[in-house]
Amino acid sequence: MIRRAAGVAKPGCWCFPGGHVEPGETPRQAVGRELYEELGIHVRPTERLGALRVLDSRHILVAWCVEHVGGDFRIAQQEIAEIRWVPGDQIRDIHPGLPSNESVLKMLRI
């Protein structure tokens with residue numbers, strides 16, 4: 001889980017890493033680019049879990065399972081204040097969390 005840095009939307013909230021699809025980019029490419037930009041890792045998207053409309057937004061959140069294929073974790077401090085490995089059954093206990101976390105946990109069947 002990542003805690004969003006000051007200066008980004010919903011600062012201080014815990015959420016799953018990710019971001020937006022850029023023009024000309026596929027959702028799979030966006031997953032790889034975003035995780036590299038935010039966490040310094042290379043991933044291979046393995047499964048699209050589902051999608052939902054983000055409350056009070058025009059955005060659609062698409063959740064993916066990924067495989068780590070390279071790179072060492074380093075956080076983009078302008079976007080991320082903290083990173084933490086959290087067992088799935090403990091994610092609901094992290095506060096403050098984004099409302100979308102619950103939907104992603106359901107997609108993961110947690």
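Q: Is Cys65 buried, exposed or partly exposed, and how are these words defined?
A: Buried means under 20% relative accessible area, exposed over 50%, and partly exposed in between (1.4 Å probe, protein chains only). Cys65 has a relative accessible area of 25%, so Cys65 is partly exposed. This is a predicted model, in which local features need pLDDT of at least 70, side-chain atom pairs count only at pLDDT 80 or more, and totals for chains, interfaces and linings use all residues. Residues are numbered from 1 along each chain as its sequence is written, and side-chain values use heavy atoms, with hydrogens and water left out.

Q: How many disulfides does the structure hold?
A: A disulfide is a pair of cysteine sulfur atoms within 2.5 Å; the structure holds zero. For Cys13, the nearest cysteine sulfur is that of Cys15, 7.8 Å away.

Q: Which residues of helix H2 are buried?
A: Helices (H or I, at least four residues) and strands (E, at least two) are DSSP runs, numbered from the N terminus. In H2 (residues 100-107), Ser100, Asn101, Val104, Leu105 and Met107 are buried. Because their arc around the axis (taken from the directions from the helix axis to the C-beta atoms) is only 155°, they lie on the same side of H2.

Q: Against which strands do these buried residues pack?
A: With contact meaning heavy atoms within 4.5 Å, they pack against E2 (14-15), E3 (42-53) and E4 (60-70).
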